[in-house]
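Dear colleague,

A written account of the findings accompanies it.

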Amino acid sequence: MVVFVGYILIWFMMPTKTFYLQWLPDIHAKTDSTYFGQQGANILIYTFPILFIATLSCLYLHIRKKMDDNNTERRENVYWKSWSRPVLVKGPLGIVSWMELSFLAMFITLLVWSFCSYLHSMFANINQQAAQMRLSLWEAKLESSALMLGLVGNICLAFLFFPVTRGSSILQLIGLTSESSIKYHIWLGHIAMTLFTAHGLCYIIFSAKTNQISQMLKWNQVGISNVAGEVALVSGLIMWGTSFHAIRRKIFELFFYTHHLYVVFVVFFVLHVGSSYSCVMLPGFYLFLIDRYLRFLQSQQKIRVVSARVLPCQVVELNFSKCPGLSYSPRSNVFLNVPGISKLQWHPFTVTSSSNLEPEKLSVVIKSEGSWSQNLYDRLSSSPRMDRMEISIEGPYGPSSTEFLRHETLVMISGGSGITPFISIIRELLFIANKATSKTPSVLLICAFKKSEDLTMLELILPASGTNFDISRLQLQIEAYVTREEEPPTETLKLPQTEVWFKPNSSDLPVYAILGQNSWLWLALIVAASFLVFLVLMGVLTRYYIYPIAHRIDVMYSFSSKSALNMLFICVSIATATTAGFLTNRKQQRVAYKTRQIQNMNAPTPSTSPSAWFHNTAAERELESLPHQSLVRATTVRHGTRPDLKKILMVRQSSSAGVLVSGPRTMRQEVAAICSSGSANNLHFQSSSFSW
């Protein structure tokens, strides 16, 4: 906490004269050596504190995971819950809690403070600078303003990569996930590109008015490289232009592929500002690179698909083999790639299985809502048996704790395929209710579907292979609403549920933790070791290569060359440390899996199972198992109406009711508005969605 507060103070002091004229020169004097030079001071100020916080966060999360495994109770923070209540429901920012609004206000304050401080510092001697440079006063102010816009934009860039680092320990430390943090990345991206665009336009106007257009085409060896900045700005504008909501929703592939230009943007940004000043944005990008390389290593392995359930409502449940040692929290998600459909596209899906209830299986549910998912559904529904389907997985990623267990009551509201995050919660509660001595919260599941055939998604609440757990021990009530059909079908429709089974393949592996069971501990080691390797390489480069050349010819070494070498050393250090950790854990996991592989190869293939579907008739259908019968008894189906969410939520009498919603934006906004009202102090709102 002390390091974090100190880092924030440095950010607020950075634009001031005291920082530049007193603190920074003093730090440079103490760190300016032939080993690191000025860059060493910037690394000490900007880079080291965040990487140190990330390392400590990993250690804390490792200890907390061990405490959770040992069923150690943690005290509920009521004060923190009050800050998580939604305050803004509708608007360009989406659903915003008091905590988010507070951080947003502090961030805007930081930007405004930096803007004003930079202007005050730059305009203090603007008349003398204009006379020395033979410029008019407004031209000198325009150049200073352009520089100021770039400096403030760099602050946004420093935070830009944190929300998209899926395995980030810093996000987990403050209770966020990559899924819930996407909106912060969008906010920061819009602000950063607005500032950088204004920065570039001001310099274009300045160059045109002072007849220095030719300077825009020069690549300076020392100082700022204009061409590199122009390339970075153009690549950033392309990403920005394709990231707006209308384009992102209608032409997702265009948004997806153009966003890979972030590599070009970052590389040329570093070449533009130099390696020393790029230390401001280095921590976030450094942690992102580690996470991205881990994802790359995991994605190279094909995962064994055990079976698939094909439902008549254009829904598929994929069941993967999983290492028993891999544990994850409910509402986690994975990213899937099917090379047979597209080698480049990765799509996120919620994990519906419970790592406790199903220790050797991981399941996801996919609804056909686009060309990629429709192609997958068509392939699986065409044949009840397939030899093999190549699939790669990244993840799972998700919350580090099961906070929903702290509530007395859980009200889960879903629309359509939004039911998938709640399936894993119900399965986890089913395991706890049958095995643990602690009391589980009562559960009310409100789900809205368009057609009666969509009710078959309720079958996914129970695992495909069946379970010996007694679902009646779980206080579960399901209220299903069919909104586009006034009455239930007059005839019992035969809606077959097909199970597709895949032949085992010796080259496929189960889903596994990329860094083993002690993943947080290994991640802390990778962050620390890679940064240490980078410092050593940078010190050797400066002492034995850059310094002798600059000393011999008595000129400054090329900024661009030094920046390129530093970027190369960052990649080498991250690749070395991460690969070492990955190979060590993969060897251990392969040894543990070797004994199970023979059993999986010889496992019998079950026959196709029948389906079941829910409808509101007088006669109750016979089901194959008691768990299914209990599920049917707990379910009430209503046709031709929508749930009265306000009435349902306001009658909750428990002192702590967790309200979880997953579905369309209008549904999430309606629930958030109810929970934010003054008469609903016992309702604690949470939303699950990749869109906001």
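The model is predicted, so local features are reported only at pLDDT of at least 70 and side-chain atom pairs only at pLDDT 80 or more, while totals for chains, interfaces and linings use all residues. Residues are numbered from 1 along each chain as its sequence is written, and side-chain values rest on heavy atoms, with hydrogens and water left out.

Salt bridges

The count comes to 11 salt bridges, each being a side-chain nitrogen of Lys or Arg within 4 Å of a carboxyl oxygen of Asp or Glu. One of them joins Arg166 and Glu394, at 2.8 Å from N to O. This pair links distant parts of the chain, 228 residues apart: Arg166 is in the loop between H7 and helix H8 (169-173), and Glu394 is in strand E9 (residues 392-397). Helices (H or I, at least four residues) and strands (E, at least two) are DSSP runs, numbered from the N terminus.

Glu394 also forms a salt bridge with Arg295, with the closest N and O atoms 3.4 Å apart. Because Arg295 lies in helix H14 (residues 282-299) and Glu394 in strand E9, this pair ties together parts that are 99 residues apart in sequence. Both Glu394 and Arg295 are buried; here buried means under 20% relative accessible area, exposed over 50%, and partly exposed in between (1.4 Å probe, protein chains only). Glu394 has a relative accessible area of 3%, and Arg166, at 16%, likewise counts as buried.

A further salt bridge connects Glu390 and Arg388, whose closest N and O atoms are 3.2 Å apart. Glu390 is partly exposed, at 36%, and Arg388 is partly exposed, at 29%.

Charges without a salt bridge

Glu139, in helix H7 (residues 137-160), is buried yet has no salt bridge; Lys209, the nearest side chain of opposite charge, is 7.6 Å away. Lys and Arg count as positive and Asp and Glu as negative, with His and the chain ends not counted. Apart from neighbours within four places in sequence, Glu139 is in contact (heavy atoms within 4.5 Å) with Phe206, Lys209 and Thr210.

On the surface, Lys450, Lys451, Arg484 and Arg642 gather in a patch of positive charge. Patch members have over 30% relative accessible area and no salt bridge, with like charges joined within 9 Å and nonpolar side chains (Val, Leu, Ile, Met, Phe, Trp, Tyr) within 5 Å. The place of a charge is taken as NZ of Lys, CZ of Arg, CG of Asp or CD of Glu, and accessible areas come from the Shrake-Rupley method with a 1.4 Å probe, only the protein chains shown counting as cover for residues. Lys450 sits in the loop between strand E11 (442-449) and strand E12 (476-482) and is partly exposed, at 46% relative accessibility.

Backbone features

Gly395 and Pro396 are joined by a cis peptide bond, with omega about 5 degrees; Pro396 is in strand E9. Gln314, although not a glycine, has a positive phi of about 60 degrees. Gln314 belongs to the loop between strand E3 (305-311) and strand E4 (315-321). Arg331 also has a positive phi, near 75 degrees, in a residue other than glycine, and is found in the loop between E4 and strand E5 (333-337).

With kind regards
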